[in-house]
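Subject: Structure handover

Hi there,

Here is the structure I promised to pass on. Could you have it open while you read the notes below?

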Amino acid sequence: MTRTVWLKADDEVGDWETRKRRITAGLEAGVDWVLVDEADVEKVRDLGAVNVAAFTNGDVHVMDAEATDSDADATVVGKDGEGDGTVDLPTDFSGSADLSALRRNDAAHEGGYVRIFDEDYEAFAEEVAREAEFTIVIGENWQIIPLENLIARIGDETDLITGVQSADEARTAYETLEHGADGVLLDTDDLDEIRKTVQVRDEMGRETVDLEYATVTAVEQTGSADRVCIDTGNLMEHDEGMLVGSMARGLFFVHAETAESPYVASRPFRVNAGAVHAYVRTPDGGTKYLSEIQSGDEVQIVDENGHTREAIVGRAKIEKRPMFRVQAETDEGDRIETLLQNAETIKVHTRDGRKSVTELEAGDEILVHYEDTATHFGEKIEESIIEQ
């Protein structure tokens, strides 16, 4: 599931300058959607590139494609209508103006907006969800219980977006009933909360990879090879690096060059990843050959505990360098190996901590990611392949 962050920026937020500051902060933080009144759509377009959803302000006729000049990416019905309590809910939902508008509209992206005041509005939200591509729900007196009920009952009928006011509330929404909301509608002027909420969204979508220790069986000097440094547009922490190796089933954890040395400045954006034939793990769980990596690609950053994030490649730097062949054996008895540059700045992770490849010895236990599967063009497959 791809989680999303929506930012509330309609006239309830304040005047245009107030809304503009909030929207600008959202653009800088990386929100996915901005929810505004229809009159503000073009103003948001002028501020930057982002998906824009527009309230129809209760006029159901503007949902018809022929009746609106809106350049919004999505339209939302419910404000100043039944959804927010401005108009009383009908006893029989078949007579609902909001639902009629959703049923009549042929647009690809349409949504409903419902404030959950009580059980009747929760039931109304369920009906909206059956008609809308996405359903925005705001808990008034209760937040978690209505959200749990809607997650359980709606299923995959709609993308469920729930209102929050902080990153902590967003995390709870994403984790509710394990499945969680598809997105959150954030209502805050706090720039830090906007940024933190986007960070929570990113964390929710990230993989945690299994790491284990393998025993080094050989470290041998080889001749020179074409070595690849992956320079990213992101700074890495001291416990982070990438997973690389000659065999896709067994990838070695190689630290980023975050450590200072007497002779070389730290380069916390860089992983000296090995020879051009080797694999590097990507954010989708696949692999790429180091020879294929180029500016604009995404690679996966991993820390010593297996937590991951994405990094954009700024450049791949290929040079001839003397190499080591590092061979290790997993607990399963499988032999894996890779080629790493013969240099003190290239460090792997052992049970005793970071260790330069030049100091690595047979018997050391080295951190690896091991999967007993084959790959074809970077995709995992069930196939018998021998690599040696």
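First, some housekeeping. This is a predicted model, in which local features need pLDDT of at least 70 and side-chain atom pairs count only at pLDDT 80 or more, while totals for chains, interfaces and linings use all residues. Residues are numbered from 1 along each chain as its sequence is written, and side-chain values use heavy atoms, with hydrogens and water left out.

The chain overall

The chain holds seven helices and 22 strands. Both kinds of element are DSSP runs numbered from the N terminus, with at least four residues of H or I for a helix and at least two of E for a strand. Of its 388 residues, 50% count as buried, where buried means under 20% relative accessible area, exposed means over 50% and partly exposed is in between (1.4 Å probe, protein chains only). Looking at contacts between residues at least 6 apart in sequence, 61% join residues at least 24 apart; a contact here means heavy atoms within 4.5 Å.

The barrel

Eight strands form a closed barrel in the order 1-2-3-4-5-6-7-8, with parallel pairing. Two strands pair if DSSP finds at least two bridges between them. On average, neighbouring strands of this sheet are turned by 25° against each other, direction ignored. Such angles lie between N-to-C directions and run from 0 to 180 degrees, the axes being lines fitted to C-alpha atoms, for helices over the stretch in contact.

Strand 1 (residues 4-8) runs parallel to strand 2 (residues 33-37), and three bridges join them. Here leucine 7 has valine 34 as its bridge partner. Strand 1 is also joined by four bridges to strand 8, again parallel, and there valine 5 stands opposite valine 184. Strand 8 has four bridges to strand 7 (residues 159-164) as well, also running parallel, with isoleucine 161 opposite glycine 183.

Is strand 8 (residues 183-186) covered on one face or on both? Both faces are covered: Gly183 and Leu185 on one side, and Val184 and Leu186 on the other, are all buried.

The helices

Helix 4 (residues 119-131) lies across strand 5 (110-116) and strand 6 (134-139), at about 175° to strand 5. The axes of helix 3 (residues 97-104) and helix 4 come within 9 Å and cross at roughly 10°, which makes the two helices roughly parallel. Roughly parallel covers angles under 35 degrees, roughly antiparallel those over 145, roughly perpendicular 65 to 115, and oblique the rest. Asp98, Leu99, Leu102 and Arg103 of helix 3 meet Phe124, Glu127, Val128 and Glu131 of helix 4.

Helix 6 (residues 167-175) and helix 7 (residues 191-204) have axes that come within 8 Å and cross at roughly 25°, so they too are roughly parallel to each other. Their contact includes Ala167 and Tyr174 of helix 6 and Lys196 and Val200 of helix 7.

One lysine

Lysine 43 sits in helix 2 (residues 41-47). With a relative accessible area of 36%, lysine 43 is partly exposed. Tryptophan 16 is 27 residues away from lysine 43 in sequence and 9.5 Å away in space, C-alpha to C-alpha.

Happy to go through any of this with you.

Best wishes
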